[in-house]
Amino acid sequence: MRLLVTGGAGFVGSEFVRMTLREHPDDAVVVLDKLTYAGNERNLDPVRNDSRFRFVRGDICDQTLVHELASATDVIVNFAAESHVDRSLEAPGQFILTDVYGTFTLMEAAREARHARFVQVSTDEVYGEVDSGSSVENDPLLPRSPYSASKAGAELLVNAYRASYGFPAVITRGSNTYGPYQYPEKIIPLFITNALDDLPLPIYGDGTAVRDYLHVSEHATGIDTALRRGEVGTDYNLGFGGETSGVTVADAVLRMLEKPAALKQFVRDRPGHDRRYSLDSTRLRAVGWTPHISFEEGLRSTIDWYVDHEEWWRPLKSGEFWDFYRRNYKPADPVGS
Ligand code: NAD
Ligand code: DAU
């Protein structure tokens, strides 16, 4: 199989590329990535000298480029996206361009090239906040942030292409992912790298919102399973099945790094903060995907990775990173206000 992996220089996409080239010796991979602030060619260093690998810097909204690359490959796995909820609250426009229009561009190219399969990498956030129980794939999409609305918009387009053109798409909806090579704006790498520098860990609101943390290696194998064993026209949830609050993440990071609890800092809540997501992943488990890495085990190995790879993350925490940080994090509202 010749795969066009868009967004393959990002966190989950690069793990998927490294895994594909390791596990599927007959496959070849072309990565198309714009290298935004979140993309990093260094994430692909482990496969750079593999003759089955090629990197192209470019935008998924560039029709000419995308058509050329699609015509030389068999499938597209679309990871490319603006992915950070807080940035979508500040500047939604690029999310709509990349996440929605970019997906349209890729689907047009896949259609013209008569690809047999297209994987749209989506998110549990499309279901919106889930008060109780777990989301199943046929639940309505009720996104509440510009990021999740853009991802849901892309999904609706994929559905329209399925119905209108028999477009052979699979959609995966992964839960909160963590592990090596994650840009340090998301909670786990932010808290680890801040703690290593004895900086405060900014916890939104009261810190009780929960997420279902999935190790990136298992997110990648889940997408691989959906690509190779999933049924065209089907959506697949991918979650581990845990519920971990922001305070629990902070406490665990501080405990494992032997740092003081005083580094916990409660800050103003994220506007529209979804309090909980929860996925029922029975459908993908039925075709052979079972995640095993507990939060405790995955967090420990992730911390070890960040301790050992300071040369990877330290240059990222400079300039624009801190400009955004200063704009995003505000003191908590006074109690009773
Ligand atoms: P990321 O921000 O680390 O990587 C996104 C990549 O896309 C970057 O390499 C970036 O340069 C590239 N990109 C952005 N705009 C582009 C464009 N216009 N053209 C080409 N490339 C472009 O994101 P991630 O965390 O790796 O997420 C990857 C995908 O998985 C996204 O679609 C996201 O919605 C989805 N997802 C992520 C998580 C998670 O917790 N990280 C969970 C579920 C789903
Ligand atoms: O659920 C899947 C989604 O997970 C993906 O689709 C997104 O691309 C990915 O960014 C992630 O979204 P979240 O908004 O859930 O992840 P984030 O790490 O930003 O926040 C996780 C939780 O931690 C959330 O409840 C907000 C809280 N948080 C986050 C940050 C960055 C804090 O308390 N402090 C922080 O500084």
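Strand 5 gives the shell around ligand 1 its largest share, three residues. Strands here are DSSP runs of E, at least two residues, and helices are runs of H or I, at least four, numbered from the N terminus. This is a predicted model: local features need pLDDT of at least 70, side-chain atom pairs 80 or more, while totals for chains, interfaces and linings use all residues. Residues are numbered from 1 along each chain, chains are lettered from A and ligands numbered from 1 as written, and side-chain values use heavy atoms, without hydrogens and water.

Back to the shell. Helix 1 (11–23), strand 5 (117–123) and helix 5 (146–165) each supply at least two residues. There are 29 residues around ligand 1 (a heavy atom within 4 Å). Val-12, Asp-33, Ser-83, Tyr-147 and Lys-151 come nearest.

Now the polar contacts, meaning N or O pairs within 3.5 Å. A backbone N or O atom of Gly-10 lies 3.0 Å from a ligand oxygen. In the side chain of Asp-59, an N or O atom is 2.9 Å from a ligand nitrogen. How much of ligand 1 does the protein bury? Of the 830 Å² that ligand 1 exposes alone, 97% (Shrake-Rupley, 1.4 Å probe).

Next, the rings. Rings of Phe, Tyr and Trp (its six-membered ring) pair with centres within 6.5 Å; planes under 30 degrees apart are stacked, over 60 edge-to-face, the rest tilted. The structure holds 21 aromatic pairs. Tyr-178 and Tyr-213 are edge-to-face, at 6.2 Å and 85°. They sit 35 residues apart, with Tyr-178 in strand 7 and Tyr-213 in the loop between strands 9 and 10.

Terms used:
Polar contact = N/O pair within 3.5 Å; in protein donor to acceptor, adjacent residues only side chain to side chain.
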